[in-house]
Amino acid sequence: MTRTVLRPMRWWDIEPVLELEHELFPEDAWSAGMFWSELAHARGPQATRHYVVAEEQPEGGPAAGRTGRIVGYAGLAAAGDLADVQTIAAARDQWGTGLGARLLTDLLRAASAFECAEVLLEVRVDNTRAQKLYERFGFEPIGFRRGYYQPGNVDALVMRLSDPAGSTAGSAPLRSENHG
């Protein structure tokens with residue numbers, strides 16, 4: 001039996017995250033350097049980034065000396081009162097389990113902690129599954145970025161959420177400590 005926990009992404013997670021990144025986004029996967037750069041801004045009092053991984057923990061957990069499989073990850077960048085979802089991904093065998101919603105909830109909590117008034121993201125116009133998730137959280141389409149995803153010249157739908165702390169996604173507001 002396993003359980004999936006969210007925890008801060010660390011440098012030792014980059015290799016398994018890259019494996020998942022290349023599996024899910026083979027055409028436009030991030031490089032190790034991109035993740036290293038983001039993590040460099042994710043710690044300390046001047047942090048402007050928040051990155052998490054979703055890790056399946058085997059029975060007995062880390063105390064048993066075993067580490068689990070990385071099944072998802074997500075990252076957020078904050079600047080002033082604006083946050084931007086940099087990346088969010090769940091392994092294919094996790095689709096439909098609620099992991100994407102858990103990752104997004106974590107990012108919105110971080111945006112609230114950064115005191116951001118708005119959160120932006122880009123999503124492929126052909127990724128309706130992700131768009132529905134974002135809409136459930138209150139994101140609204142505000143425009144397009146033509147040819148944003150390369151190769152393939154696929155457009156990105158730009159979406160915005162005002163007041164991330166008040167987002168409910170059909171449950172308690174994110175200000176609560178309900179980790180449901």
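A residue is called buried here when its relative accessible area is under 20%. In this predicted model, helix H3 has ten such residues listed below, among them Leu 103, Leu 104 and Leu 107.

**Helix H3**
- The buried residues of H3 are Leu 99, Ala 101, Leu 103, Leu 104, Thr 105, Asp 106, Leu 107, Leu 108, Ala 110 and Ala 111.
- After H3 comes Glu 115, which has a positive phi near 65 degrees.

**Largest nonpolar core**
- This core holds 45 residues, of which Val 119, Tyr 134 and Phe 139 touch the most other members.
- H3 makes the greatest contribution to the core, giving eight residues.
- Beyond its neighbours within four places in sequence, Phe 139 is in contact with Leu 104, Leu 108, Val 119, Leu 121, Tyr 134, Met 159, Arg 160 and Leu 161.
- In soluble globular proteins, nonpolar side chains tend to be buried together.

**Largest pocket**
- The largest pocket contains about 1100 Å³ of space.
- Its lining comprises 39 residues, and Phe 25, Ile 88, Asn 127, Ala 130 and Tyr 134 are the closest to the centre.
- Elements that each supply two or more lining residues include helix H1 (14–24), H3, strand E5 (118–124) and helix H4 (128–136).
- Strand E4 provides the largest share of the lining, with seven residues.
- The lining is made up of 21 nonpolar, nine polar and nine charged residues.

Methods:
Residues are numbered from 1 along each chain as its sequence is written. This is a predicted model: local features need pLDDT of at least 70, side-chain atom pairs count only at pLDDT 80 or more; totals for chains, interfaces and linings use all residues. Side-chain values use heavy atoms; hydrogens and water are left out. Buried means under 20% relative accessible area, exposed over 50%, partly exposed in between (1.4 Å probe, protein chains only). Helices (H or I, at least four residues) and strands (E, at least two) are DSSP runs, numbered from the N terminus. A nonpolar core is a set of buried Ala, Val, Leu, Ile, Met, Phe, Trp, Tyr and Cys residues joined through side-chain atoms within 4.5 Å. Contact means heavy atoms within 4.5 Å. On a 1 Å grid over the protein atoms alone, a cavity is a set of points where a 1.4 Å probe fits but cannot get out, and a pocket is an open set with protein on both sides within 12 Å along at least five of seven lines; lining residues have an atom within 4 Å of a point. Grid points are joined across faces, edges and corners, and a volume is the space filled by probe spheres set on the points. Ala, Val, Leu, Ile, Met, Phe, Trp, Tyr, Cys and Pro count as nonpolar, Asp, Glu, Lys and Arg as charged, and the others, Gly among them, as polar.
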